[in-house]
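Trainee: I would like to go through some of the terms used for this structure and ask what stands behind each one.

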Amino acid sequence: MIKVTLPDGSHREYADGASPMDVAESISKSLAKKALAAKVNGEMWDLVRPLEGDADVAIITDRDPEGLELIRHDAAHVLAQAVQDLYPGTQVTIGPVIDDGFYYDFAREEPFSSDDFEKIEKKMAEIIDADYPIVREVWDKDEAIEMFKKIGEDYKAQIIDDIIPPGEAITIYRQGDWFDLCRGPHLPSTGKLPKAFKLMKLAGAYWRGDSRNEMLQRMYGTAWTNEKDLKAHLHRIEEAEKRDHRKLGAQLDLFHLDGLAAAGSVFWHPNGFQVWRQIEAYMRRRLDKAGYEEIKTPQLMDSVQWEKSGHWGKYRENMFIVPDFIPEGDEGVDISVPDDAKLMALKPMNCPAHVEVFKSGQKSYRDLPLRLAEFGCCHRNEPHGALHGIMRVRQFTQDDAHIFCREDQIVEESIRFCRLLESVYRDFGFEQIAVKLSTRPDVRAGDDATWDRAEKGLQDAVDAAGLPCEIMPGEGAFYGPKLEFQLTDAIGRVWQCGTLQLDYVLPERLGAEYTASDGSKQRPVMLHRAILGSMERFIGILIEEFSGAFPMWLAPVQVVVAAITDAANDYAEEAAAALRKAGLRVETDVRNEKINYKVREHSLQKVPVIAVVGGREAEERTLALRRLGSNAQEMISLDDARVQLAAEGLAPDLKA
């Protein structure tokens, strides 16, 4: 007999050869009907696969996260089967689950088009209706390679040959006449797959991500447990497209990107840089109040410094390397670099330079904590294909800071930082904050004892701050564990922005020390921290969060004074000057255009307040205020408008 332990701790016995489906049926018919797969001793398991001995068993349904992942996994297989049924000669390669869906890479000479989607989706539905049992088979490696080569699946044969050790068996899953290499598990049959799926887009992808290999055709899809969730997802995508920061950036004249002139770098226009300046000024005030000291460090640093810090060995492929020599000869583009030229690098991060500032001069335990902040411009050699608007760029500015402290100050400083971060996020309108603790990766600096202390220090800080925290094993930086702070935006998307990283390693590597109370030399602990993360990315998030309609304190232009007739032009200029004197960012519109045209145009530019003035307003020294998103009109005296609008235009930290 096999002894099965259920999630509630109860035990049941079953005959040898029993499967998770037998367990589900013994509990209730309704559970068996809902069952998609199982977890056996923590491992995902096919429902009809026999148990191999005593085990902890949990039945997976579509209410479990693993259930949704399984649905998406099977949707990828059904997609591959449909494509091969419809387009004979197409080879399948890989088809993993991704956020919100799945994709499959196909090798086919003729290109697919989105016009093919309807036909493919119809075929997928037919495969689901056929309700083919999905059967797990175990094959010999050589047998599998021979079979896949025989049916023209050269990519699958290559995968097996490259990743499966000699003599090791592999698993194949069969549905009807179609089969694929897969470690599983899968649904019991294709009929268990909900018809809540949709093919989304096509893209090119190099085989195994290597540009030297063949270009494949990647087909993306999304799949959900029911039609309601699918429709909600498609609505979010529609909203995201409307809010796309690249589209709004052009519409609102905030910035532009030029892949030929400066790939991965942003050209900020006056409107966009005004938003930047307001955010930077706000953050600078918050940092000043929180006891930070602002510094500025070099962009270009010698490779020796990066070798000492450990970045040269572990991060060099992401750095822009600059040989330190003066080119000679003509003005041609071919430059010969001398063999003995020293190498330098544009900084991908600010931390080593901040350690150098800390090391300048003697430091005592009384000087700690020392909080050094920098709006530091960094460069990272991101692949061209990974660049995305201003969300992922090569040149970016961090609201970076490093706190040098004693070990007994870690928890207090971490709590202070968490409180500051929460306050800043609230000021920008973000209330939902999730925290994740990323622990030691496989490739790391420092010994296990150091990592034990570092991870415990951050966990203690999170606990003391009262923040719920999810553990992310192996996701830490190479020099220390980190907290990641994630925001949820207006349409439910999650963005990782803030970080707090605890580091014992870098101060040791770079020789940072202070004099302790007993006169001994000690290493400080280093807290790497950012709230916004990248300024570029955070502004992109804000553009999409507010659909370009920034809160008044961030709006590039806060008020437009628009004249109805030429006779009101002088008063429009006078009113604008008075509002500017009150600290507002104001423009006038005295063009010879109809007022409705002007109002519409400035509304499309997301100006928060339009002050309309005509002959009566000039005579009475009033303004007719129209606010973005409202058809109402408010009559107010110029003097009252100065006070009221100036108060509305203040940054959150400046309001009483």
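Mentor: Start with the second largest cavity, which holds about 30 Å³ of space. The model is predicted, so local features need pLDDT of at least 70 and side-chain atom pairs pLDDT 80 or more, while totals for chains, interfaces and linings use all residues. Residues are numbered from 1 along each chain as its sequence is written, and side-chain values use heavy atoms, without hydrogens and water.

Trainee: What makes a space a cavity, and what is its volume?

Mentor: On a 1 Å grid over the protein atoms alone, a cavity is a set of points where a 1.4 Å probe fits but cannot get out. Points are joined across faces, edges and corners, and the volume is the space filled by probe spheres set on the points. The structure holds two cavities of 30 Å³ or more.

Trainee: Which residues line the second largest cavity?

Mentor: Lining residues have an atom within 4 Å of a point. Here they are A445, T450, W451, A454, Y479, G480, L502, D503, Y504 and V505. Helices are DSSP runs of H or I with at least four residues, and strands are E runs with at least two, numbered from the N terminus.

Trainee: How does that lining divide into nonpolar, polar and charged residues?

Mentor: Seven are nonpolar, two polar and one charged. Asp counts as charged and Gly as polar, and the lining includes D503 and G480.

Trainee: What is the volume of the largest cavity, and which residues line it?

Mentor: Its volume is about 40 Å³, and R284, L287, D288, Y292, E294, A373 and F375 line it. α10 gives the most, with three residues. Four of the lining residues are nonpolar, none polar and three charged.

Trainee: Why are β17 and β18 called edge strands?

Mentor: Strands pair if DSSP finds at least two bridges between them. Three strands form an open sheet in the order β17-β19-β18, with antiparallel pairing. β17 (300-302) and β18 (321-324) each have a single partner strand, so one side of each lacks a neighbour in the sheet.

Notes:
1 Å grid on protein atoms, 1.4 Å probe; cavity = no way out; pocket = protein on both sides within 12 Å on 5 of 7 lines; lining within 4 Å.
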